[in-house]
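Here is a walk through a predicted model. Follow the paragraphs with the structure in view.

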Amino acid sequence: MQLGQGLAFLHNDAKLLHHNLCPENVVINEQGAWKIFGFDFCSQSINPVDPNPTWPSWEYKVDVHPWAQPTLDYLAPESGCDHIQIKANDMYSLGVLIFAIYNKGNAPLQSNHEWSTYKRNLQEMKYNTPKISIVDAALRDPVKLLLSFRPEDRPDEHEFLKIEYFNDVGVKTLNYLDSLFQWDNLQKSQFYKGLPQIMEKLPHRICLKRILPCLVKDCVNPVMIPFVLPNIFYVCENCTKDEFVHHILPCLKPIMKVHEPVQVPFIFLQKMELLLKLAPLEDLKSDILPMLYKTLELDSKPVQETCLSVIPSLATLVEGPSMKNALLPRIKRLCLSTSDLSVRVKCLVCIGKLIEYLDRWLVLDDIIPFLPQIPSKDPAVIMGILGVYRIILSHKKMYITKETMALSILPFLIPMCIENTLTLNQFNVLISIVKEMISSVETEHRAKLQQLNEQHRSISNSLTLENGTITKSNGLTNEFQFESFVEKPSMQLSGSNEITQITNSLSFNYEKSKTKQSQDLPFRTFQQDFTLTPSVEKSNKNNPVPKDLTSSLIDSNINQISWSNQIKPTSSSLSQSKSMGFENKSMNLQSRLSGFENNSVNPQMKPMSLHNSANNWNDLWIKQEETQSQVKQLSLSDINDLLN
């Protein structure tokens, strides 16, 4: 049909004869349209303004190469033999071309570029019409007339275009699409509504290559997009993934950004399953998800409900930041702001389906604090909220602590238990969830309290055991306490005045220590820590200080003389204490102090002065005992010898 339309334009408008219509001179473009090509041997009309144009004669030249002349297999008999140039020449060529299409590209009579063979075939054709049974039944009669030997028996281009074969609904549809820009919007909308039923009868190649480009051109008008888009998606249903990516998706991307009228995003939402099947992952994230986010903000109940039902199927594509910052805030805002009950319930259902794709912390930070903010107390909304709680509590990765249940969830759910609008079944569901949470809080907190009690008990037992062990291992607490021995008023000892003098003398030297901390620490150490360790001045090992031997000897002798003056009353007091039962404790103390003396540091490292040596009460008692047995008073002559 397109070839007949092309010949009608050449003969009537351009006043041209093609003169070589054959398969090599027909071009099929990207949209599938057939175009006449190869005007190398065309003939221009002698008088172009004449309504009945005439063309000059033409003669086939045997001495010229066949490729430099028209193809003999498609050349009309009157043109080759009688040198007559008329419109019927091209109509004969069209008949041979139609026959060749059904005959695997072969003409009915083949001359193999030989002029003699061509003339012989024409004589045979004059009496025997070629067999045209291979041609489609609806085209046999027109083709038979086109192949007539006589030019006057052939139909012209207008008669050819009116044959019954071209009354097919598919052919008419293609003609309408070509002239679609001339129609108004009402005519276009009516045509687009019936187009899917027509495309069912057309080959997929025609729908993809011929119809789709015409549909896309009309998407420039936003008013017509709701009528065009269903037809585009019909073509998508029969497409492969590669065809969709290369031919359809580039056309759909600009349409995805159109949100008015609201029917446009609504159609996309209805066909979301098809888009998920055919569109690549990167295009879904870059184009389809932003369209969903924008659709949630449209003020249309059907669009909002459809979008909320579609979102869970795309949840796997939504990344964590987009889920937290783009999708969930829009769903929450819609749930709080809408006045439609069904939309609010759809929001809760959508959130419940998204729980398994959310991180635990996102649920704790965004979902659980959001549910008490919903203003409606309608039973449907309450059931939706309970459904979300049920999914959170039953999900494996969503561990809800007792603090969250006790502080955030239960204070919100318990007042709902007295709602009069609930049915009995709804109340049973609500109270079962409340009981389950209370039981969980009770079990978890009881276990924690039991654990704390056991820890406190074990700590107190260990402290008691430690005190008992220290007392048992030391043995000094029960046997002798220095502080109680000195200060206990009930003890009446003979020679108490001597002991008091010793104590005052020792305390006078002890008060000369450097700090109060070093003053109290030795006595506590003696009373509590029973590993008696005398305090020793730390010497600088790295930088030893040389000693003055002369001054050291003088200090030693002076100390010995002073000790010898104090020994006598001490000895008498001790002898008196023995007579009063103090002998055992004194001997026990001497044995303990002698053990301390053996564990003491090297005597060479001890300070020589009484002030430095009496760092604690232990050293004083050791000095007292050693003085009784070891100190020998030096005479004046001995001192002079030492000084010399």
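Asp340 is partly exposed, with a relative accessible area of 25%. Its side chain meets that of Lys301 in a salt bridge, at 3.5 Å from N to O. Lys301 is also partly exposed, at 40%. Asp340 sits in the loop between α16 and α17, and Lys301 in helix α15, so the pair ties together parts that are 39 residues apart in sequence.

Side chains of opposite charge can pair when their charged atoms come close. A search of the whole structure finds 14 salt bridges. One of them joins Arg154 and Glu78, whose closest N and O atoms are 2.6 Å apart. Arg154 belongs to the loop between α5 and α6 and Glu78 to helix α2, so this bridge ties together parts 76 residues apart in sequence. Both residues are buried.

Arg390 bridges to Glu436, with the closest N and O atoms 2.7 Å apart. This pair links helix α19 to helix α21, 46 residues apart. Arg390 counts as partly exposed at 33% relative accessibility, and Glu436 does so at 36%.

Now turn to the nonpolar parts. The largest nonpolar core has 104 residues. Among the members that touch the most others are Leu229, Ile232 and Ile248. Helix α10 gives the largest share of this core, eight residues. A second, separate core of 29 residues includes Tyr92 and Leu94.

How do α8 and α9 pack? Their axes come within 13 Å and cross at roughly 175°. Angles over 145 degrees count as roughly antiparallel, and α8 and α9 are therefore roughly antiparallel to each other. Tyr192, Leu195 and Met199 of α8 meet Cys207, Ile211 and Leu215 of α9. These contact residues divide into six nonpolar, no polar and no charged.

Technical notes. Residues are numbered from 1 along each chain as its sequence is written. This is a predicted model: local features need pLDDT of at least 70, side-chain atom pairs count only at pLDDT 80 or more; totals for chains, interfaces and linings use all residues. Side-chain values use heavy atoms; hydrogens and water are left out. Axes are lines fitted to C-alpha atoms, for helices over the stretch in contact, and angles run from 0 to 180 degrees between N-to-C directions. Helices (H or I, at least four residues) and strands (E, at least two) are DSSP runs, numbered from the N terminus. Angles under 35 degrees count as roughly parallel, over 145 as roughly antiparallel, 65 to 115 as roughly perpendicular and the rest as oblique. Contact means heavy atoms within 4.5 Å. Ala, Val, Leu, Ile, Met, Phe, Trp, Tyr, Cys and Pro count as nonpolar, Asp, Glu, Lys and Arg as charged, and the others, Gly among them, as polar. A nonpolar core is a set of buried Ala, Val, Leu, Ile, Met, Phe, Trp, Tyr and Cys residues joined through side-chain atoms within 4.5 Å. Buried means under 20% relative accessible area, exposed over 50%, partly exposed in between (1.4 Å probe, protein chains only). A salt bridge is a side-chain nitrogen of Lys or Arg within 4 Å of a carboxyl oxygen of Asp or Glu.
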